[in-house]
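Work through the exercises below with the sequence and the model open. Each task is followed by a solution in steps.

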Amino acid sequence: MFAKIRFYWGAFVISSIVALIMIPLITLFPKYKGTIMHKLNRVILFLMGAKLKTFGKRDKNANLYLINHQGIMDIIALEAVENAHFRWVAKKELFETPWFGHLLKNGDMISVDRDNKAGLVKLLKDAKETVEKKERAIAIFPEGTRAKNQKLLPFKAGAKIIANKLDMRVQPIVVTGSKWVLNEHNKTGHSGTIRIHYLEPIDVKNASNNWYEEIKEQMQAKIDEEEKKGFLR
């Protein structure tokens, strides 16, 4: 029962801060949107009783981050841990939702239409523009949606295509514990620690043809290791 209460408290905290504070501030002060999102996501974690712990270091020369996806807490944690201001790739439908749609649009994130062949062309165009500007790195969930358990879903082809086309430097990131803090599938919440693991980056142009599959194996191995240690609950 208490876990259910914590879930609805977490949902209330996130939606309230996003709708009433974050969206108005990044709209009024677009030059500072990265810092605004960073600070407010730290507030969200504090109010939800969540802590952050990092392992390894983010490669600031990487221009594409591949991240496993457990839920919205993955994004909140990665925006909160440091002021990196990623350019997130999200499915088109999310841009049309109340509140979060405005956040994605005003945050200048990348919309992708997976049901349209032209969607990949647009993704490549937006990714190229981002790489050329060198102001922000792209963050993408290669699974394309939230996993219900700790087994990674098949990786979509989009991230591999843009990385190969643009000779990107890629760093995989594994987030664990976020589903314990807020589980959107069974609607439970708990206080806890979200653990962020920065794995070894690669330059795609110097990598093997199977680099994408190898990264998935490395990410799954880290998740399995965390599960064995009891950090996934």
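**Exercise 1. Charges over rings**

Task: In this predicted model, determine which ring Arg195 lies over, and at what distance from the ring centre.

Solution. Step 1: Arg195 is placed over the face of Phe231, 3.5 Å from the ring centre. Step 3: a charge counts as sitting over a ring only within 6 Å of the ring centre and within 35 degrees of the ring normal.

**Exercise 2. Aromatic pairs**

Task: Classify the pair formed by the rings of Tyr65 and Phe86, and state where the two residues lie.

Solution. Step 1: the model has seven aromatic pairs. Step 2: in the pair of Tyr65 and Phe86, the ring centres are 5.0 Å apart and the planes stand at 45 degrees, so the pair is tilted. Step 3: Tyr65 belongs to strand β2 (residues 64-67), while Phe86 is in the loop between α3 (72-81) and β3 (87-91), so the pair ties together parts 21 residues apart in sequence. Step 4: Tyr65 has 0% relative accessibility and is buried; Phe86, at 2%, is buried. Step 5: Tyr65 and Phe86 form one aromatic cluster with Trp88 and Phe141.

Task: Classify the pair formed by the rings of Trp211 and Tyr212.

Solution. Step 1: the ring centres of Trp211 and Tyr212 are 5.3 Å apart. Step 2: their planes are at 65 degrees, so this pair is edge-to-face. Step 3: Trp211 is buried at 3% relative accessibility, and Tyr212 is buried at 4%.

**Exercise 3. The buried face of α6**

Task: List the buried residues of helix α6 (residues 158-166) and decide how they are arranged around its axis.

Solution. Step 1: the buried residues are Gly158, Ala159, Ile162, Ala163 and Leu166. Step 2: viewed down the axis of α6, they fall within an arc of 125 degrees, so they line one face of the helix. Step 3: these buried residues pack against β2, α5 (117-133), β5 (138-140), β6 (169-176) and α8 (211-228). Step 4: just after α6, Asp167 has a positive phi of about 50 degrees.

**Exercise 4. Salt bridges**

Task: Locate the partners in the salt bridges of Arg87 with Glu129, Glu184 with Arg146, and Lys160 with Glu213.

Solution. Step 1: the model contains twelve salt bridges. Step 2: the side chains of Arg87 and Glu129 meet at 3.4 Å, N to O. Arg87 is in strand β3 and Glu129 in helix α5, so this pair ties together parts 42 residues apart in sequence. Arg87 is buried at 7% relative accessibility, whereas Glu129 is partly exposed at 31%. A network of salt bridges links Arg87 and Glu129 with Asp108 and Arg136.

Step 1: Glu184 and Arg146 meet in a salt bridge at 2.8 Å, N to O. Glu184 lies in the loop between β7 (182-183) and β8 (188-189), and Arg146 in the loop between β5 and α6, 38 residues apart. Glu184 is partly exposed at 23% relative accessibility, and Arg146 is partly exposed at 32%.

Step 2: in the salt bridge of Lys160 with Glu213, the closest N and O atoms are 3.5 Å apart. Glu213 is partly exposed at 37% relative accessibility.

Methods:
Residues numbered from 1 in each chain as written. Predicted model: local features only at pLDDT ≥ 70, side-chain atom pairs only at ≥ 80, totals over all residues. Heavy atoms only, no water. Phe/Tyr/Trp six-rings, centres within 6.5 Å; stacked < 30°, edge-to-face > 60°. Helix = DSSP H or I, 4+ residues; strand = E, 2+ residues; numbered from the N terminus. Buried < 20%, exposed > 50% of the residue type's maximum accessible area, 1.4 Å probe, protein only. Arc of directions from axis to C-beta. Contact = heavy atoms within 4.5 Å. Salt bridge = Lys/Arg side-chain N within 4 Å of Asp/Glu carboxyl O.
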